[in-house]
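User: I am new to reading protein models, and I would like to learn how to look at one feature after another. Could you take me through this one slowly?

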Amino acid sequence: MADISKESVGRALLTSLRNGGVKWLRFTQTDLSNQVRTKALNLVSRQVEDNPELLLEGLPIARCANGLVSAMDFIAYGSPAFSDLMCPNLATLHVLPYAPTHAEAYASLYSSKGVVSSLCPRSFLERQVAQAREDNIHFAVGVEVEFILMKDGVPINNQHFANGPKLTEESELLDEVATALEAQSSACRPIEVLHPESGPGQYEIVFRYTTNPVEIADSVITARQTIHAISKKHGYQATFMAKPFPDQVGNGLHLHISCLDAKKGNSLVPGDQPSGLSEVAEHMVAGILKRLPQLVAITAPTPNSYRRIKPGFWTGHKASWALEDKESAVRLCLDFNTGTVSNVELKTCDPTANPYLAVGGLLAAALDGIRSKAELGPPAVGPVLPTSLTEAIANLEQSTFYEEAMGKDLFKTFIEVKKWEQNYSAENPGMKDVDVY
C-alpha cells in the first residue's frame, strides 16, 4: 500500500472541517500559570489551500509564553528570542459548540522538528505515564472540578451543598454546559455527576476515570473554557479561583488516583494491609505524602490558594492520610458496593493549577513511592503543609526529585514565574485572581 502523504491527510481534514462550517483551527496549549494560549489557522486562506499540511504541523508560539505571568504578559523568566511549535494532537480535535466556526486541537510543544520542548507541560505528564507503564503500572485518574457562578461579582445564589433548588434554578445553563462537553468528547471525559457544592453559587462536575491521565488534564481545560463561555452567554461570570470569598469554601480540583496491573488490568489498590490497601498502594500513598510539601506548590500555585488550605474547609492542611475523611489531604475512598478501598483522593489541589503539571507531579510522586517501597505511616499524622505560596515554592526549589522529574528548564521557569506572581500579589493586595481564573 502506498504511503499516505501529509498533504493528502491535511487535505482530507481541511475538506471535512470546511464541510462542517469550520473556518478556524485553533492550536491550544496551557502555560505554567494555567492560562490557555491559542492561535487560530484560517482554513479559508490561500496559504492553507496551497499547503493543507499546515493543519498537521501547527503554528509557532513565542518560547517565552511559558515564562509569562498570570497578571499580564510579562516575562518572569526566559528570553523573548526563539519560538516553539504548537503541534496538534489530532485525537483531541473538536468543534467548539460555543464558537461553531472554530475547531480546536490541544498541542504539544516542539523546539525543533521531532524534538519536544523542555517547557511543554503536556509532555511532562506524558513522560510520567510512560515511565509508569515501563514498570507495568497503569495509573487511572479521575477529577472533580468546582466553580462558582457570579453576577456583578456576587454569587448567583446563597444555597448550600446538594441543594435541589440550587440545581433547578440553573438547570438550563448546566444542561447547556453538559451538552457542550458531551459534544467535545474527543477532548473531554464523560460527566458522571453534577451537583451543587457547599459555597454560594458553587457547582461541581465529576468526570469519569481513565487510564490515560492526559485525557483528564485535557478534560479540565475543556471544561474550564466551556463553562466560562456559556456562563458569559447567560450573563454570568464563572470563576475557578481557589478562594474568591474569605468566609466561604473555595474551589477545589480534586484528583482521584488508582493503579492497575498493566498486563492483567486488575486494580492494585485494595488489599489486606491494616489500611485496607495493598502493599503497592501503600507505597503509592506514602510516595504522595512524602512529596506533598513540595507538590503543593504545583497543585495550589497561587497566593490565593493558601486561603483555601485551612482546617474546616475540606481541603486537608497536613501531609496525612485517612479513610473516608474529607478533612484529610489524602483520602482513601471506599467502594460502597464492596466495602474496599477503590481509589485515593488528593484534596490539596485547586483549579488554578495547570492540570498537566498537577497530574504529572502527582504521578511522579506516586510512582517514586512504588519504586522505592516507601513505608506508609499511621493515619491522621503528618507535617503541616505550607501556609503560603512563598513557603511552598521554597520547598519545591530544594527538591532535586522534582527538578529531575520536570527537567531543569520547566522546573526553573515554573519557580521563577511563581516567585514573580507571589511578589506582585504582595505589592498589589487588591489584585483579584477572580478575573484571571
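Predicted model: local features only at pLDDT ≥ 70, side-chain atom pairs only at ≥ 80, totals over all residues.

User: How should I read a nonpolar core, and which residues have the most contacts inside the largest one?

Analyst: A nonpolar core is a set of buried Ala, Val, Leu, Ile, Met, Phe, Trp, Tyr and Cys residues joined through side-chain atoms within 4.5 Å. Buried means under 20% relative accessible area, exposed means over 50%, and partly exposed is in between, with a 1.4 Å probe and protein chains only. In this model the largest nonpolar core has 91 residues, and those with the most contacts inside it are Phe139, Ile257, Met284, Val285, Tyr402 and Met406. A second, separate core has 21 residues, including Leu59, Ala65, Leu109 and Cys120.

User: What is Phe139 in contact with, once its neighbours within four places in sequence are left aside?

Analyst: Contact means heavy atoms within 4.5 Å. With those sequence neighbours left aside, the residues in contact with Phe139 include Ile257, Ser258 and Cys259, as well as Met284, Leu363, Ala366, Leu367 and Ile370.

User: How do I read a helix such as α13, and which of its residues are buried?

Analyst: Helices (H or I, at least four residues) and strands (E, at least two) are DSSP runs, numbered from the N terminus. The expected span of a helix is 1.5 Å times one less than its number of residues. Helix α13, residues 408-427, has 20 residues and reaches 29 Å from its first C-alpha to its last, which is close to the 28 Å expected. Its buried residues are Leu410, Phe411, Thr413, Phe414, Ile415, Glu416, Val417, Lys418, Glu421, Gln422 and Ser425. Among the elements that cover these buried residues are α4 (121-134), α8 (279-299) and α10 (355-372).

User: How do I read a pocket, and which residues are closest to the centre of the largest one?

Analyst: On a 1 Å grid over the protein atoms alone, a pocket is an open set of points with protein on both sides within 12 Å along at least five of seven lines, whereas a cavity is a set of points where a 1.4 Å probe fits but cannot get out; lining residues have an atom within 4 Å of a point. Grid points are joined across faces, edges and corners, and a volume is the space filled by probe spheres set on the points. The largest pocket here holds about 730 Å³ of space. It is lined by 37 residues, of which Glu144, Glu204, His256, Arg331 and Glu345 are the closest to its centre. Strand β11 gives the largest share of this lining, 5 residues.

User: How is that lining divided by class?

Analyst: Ala, Val, Leu, Ile, Met, Phe, Trp, Tyr, Cys and Pro count as nonpolar, Asp, Glu, Lys and Arg as charged, and the others, Gly among them, as polar. The lining of the largest pocket has 12 nonpolar, 13 polar and 12 charged residues.

User: How many cavities of 30 Å³ or more are there?

Analyst: There is 1 such cavity, and the largest cavity holds about 60 Å³ of space. Its lining consists of Thr28, Gln29, Thr30, Tyr106, Ala107, Cys120, Pro121, Arg122 and Tyr356. The largest share of that lining, 3 residues, comes from β1, and by class the lining has 5 nonpolar, 3 polar and 1 charged residues.

User: Is Cys87 buried or exposed?

Analyst: Cys87, which is found in strand β4 (residues 83-88), counts as buried because its relative accessibility is 17%. Not counting residues up to four places away in sequence, Cys87 touches Glu57, Tyr106, Ala107, Ser108 and Tyr110.

User: Where is Phe82, and what is its phi?

Analyst: Phe82 has its place in the loop between β3 (59-62) and β4, and its phi is near 75 degrees, a positive value in a residue other than glycine. Phe82 is exposed, because its relative accessible area is 71%.

User: Is Ala319 buried or exposed?

Analyst: Ala319, in the loop between α9 (305-308) and β14, counts as buried because its relative accessibility is 5%. The C-alpha atoms of Ala319 and Leu292 are separated by 6.3 Å, although these residues are 27 residues apart along the chain.

Technical notes
Residues numbered from 1 in each chain as written. Heavy atoms only, no water.
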